[in-house]
Amino acid sequence: MDKYCEELIDVLSNVKITTLQEEENILKVDRLVDEFTKVKMRKGKVFFIGNGGSAAIAMHMTADFMKNGGMVTCSLYDSSVITCFGNDYRFEDIFSKQLSFLANEKDLLVAISSSGKSQNIINAIDAAQKNHADVCTFTGFKPDNPIRKKGDMNIYVPSEKYGIVESIHNLILQEIVDLIMERDGGFL
């Protein structure tokens, strides 16, 4: 346990939060809170997406940002919609087809992918951007992963271990919503 926690802390201290315009400039979590707050103030929706463990994080954050952050969030995990779009189109389009109907310029897509290579996440980012929504990516593994290059804000965890990457993604998102809740008051 001590070794794992030491590795987690070491990787956490090397997380990079950047924008496309400020690739070399490392940002702080406060900047992420500001971006989520802008969406909240303009009454935009926040969509969280991911596959596998990242899907679990996405679904958890959909609830927390609504309940604790007082934000409008939308789940893209309705099983009948996912299986319909997966069957009628392709698995790679289960999120992008939904976002093409739902996302707009007031909204934020939070795209979570440990590898940064998931095609359904890439397609969703493209659909959200086509509708002028902002995009925040959470990735890991290779620093040059394709998803990391697509977001307005990009959180990169420099590890190739799923558990480390997913734990840090969850930790940062939880910190953001907790800071919003502390600032705005609880919504329980």
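Modeller: Terms, then. Buried means under 20% relative accessible area, exposed means over 50%, and partly exposed is in between. Keep in mind that this is a predicted model.

Biologist: Okay. Is Glu160 buried, exposed or partly exposed?

Modeller: Glu160 has 48% relative accessibility, so it counts as partly exposed.

Biologist: And which side chain does Glu160 meet in a salt bridge?

Modeller: Lys142, at 3.0 Å from N to O. The pair links distant parts of the chain, 18 residues apart. Glu160 sits in the loop between β6 and α7, and Lys142 in the loop between β5 and β6. Lys142 is partly exposed, because its relative accessible area is 45%.

Biologist: How many salt bridges in total?

Modeller: The count comes to 10 salt bridges. One of them joins Glu35 and Lys38, with the closest N and O atoms 3.1 Å apart. Both residues lie in helix α2, residues 29-41. They are three residues apart, about one turn of the helix. Lys38 is at 45% relative accessibility, so it is partly exposed.

Biologist: What about Arg90 and Asp93?

Modeller: Their side chains meet in a salt bridge, 2.9 Å from N to O. Arg90 counts as partly exposed because its relative accessibility is 43%. Asp93 is at 10%, so it counts as buried.

Biologist: Switching to the sheet. What's the strand order?

Modeller: It is an open sheet of six strands, ordered β1-β6-β5-β4-β2-β3, with mixed pairing. The edge strands are β1 (16-19) and β3 (72-74), each pairing on one side only. On average, neighbouring strands are turned by 20 degrees against each other, direction ignored.

Biologist: How do β1 and β6 run, parallel or antiparallel?

Modeller: Antiparallel, with four bridges joining β1 to β6 (residues 153-156). Lys16 stands opposite Tyr156 in β6.

Biologist: Which strands does helix α3 touch?

Modeller: Helix α3 (residues 53-67) packs on the sheet and touches β2 (45-49), β3 and β4 (108-113). Its direction makes about 160 degrees with that of β2.

Biologist: And where does α7 lie?

Modeller: Helix α7 (residues 162-184) lies across β2, β4, β5 (134-139) and β6. It runs at about 140 degrees to β5.

Biologist: Last topic, cysteines. How many disulfides?

Modeller: Zero disulfides. For Cys74, the nearest cysteine sulfur is that of Cys136, 17 Å away. Cys5 has a relative accessible area of 32%, so it is partly exposed.

Technical notes. Residues are numbered from 1 along each chain as its sequence is written. This is a predicted model: local features need pLDDT of at least 70, side-chain atom pairs count only at pLDDT 80 or more; totals for chains, interfaces and linings use all residues. Side-chain values use heavy atoms; hydrogens and water are left out. A disulfide is a pair of cysteine sulfur atoms within 2.5 Å. Buried means under 20% relative accessible area, exposed over 50%, partly exposed in between (1.4 Å probe, protein chains only). Two strands pair if DSSP finds at least two bridges between them. Helices (H or I, at least four residues) and strands (E, at least two) are DSSP runs, numbered from the N terminus. Axes are lines fitted to C-alpha atoms, for helices over the stretch in contact, and angles run from 0 to 180 degrees between N-to-C directions. Contact means heavy atoms within 4.5 Å. A salt bridge is a side-chain nitrogen of Lys or Arg within 4 Å of a carboxyl oxygen of Asp or Glu.
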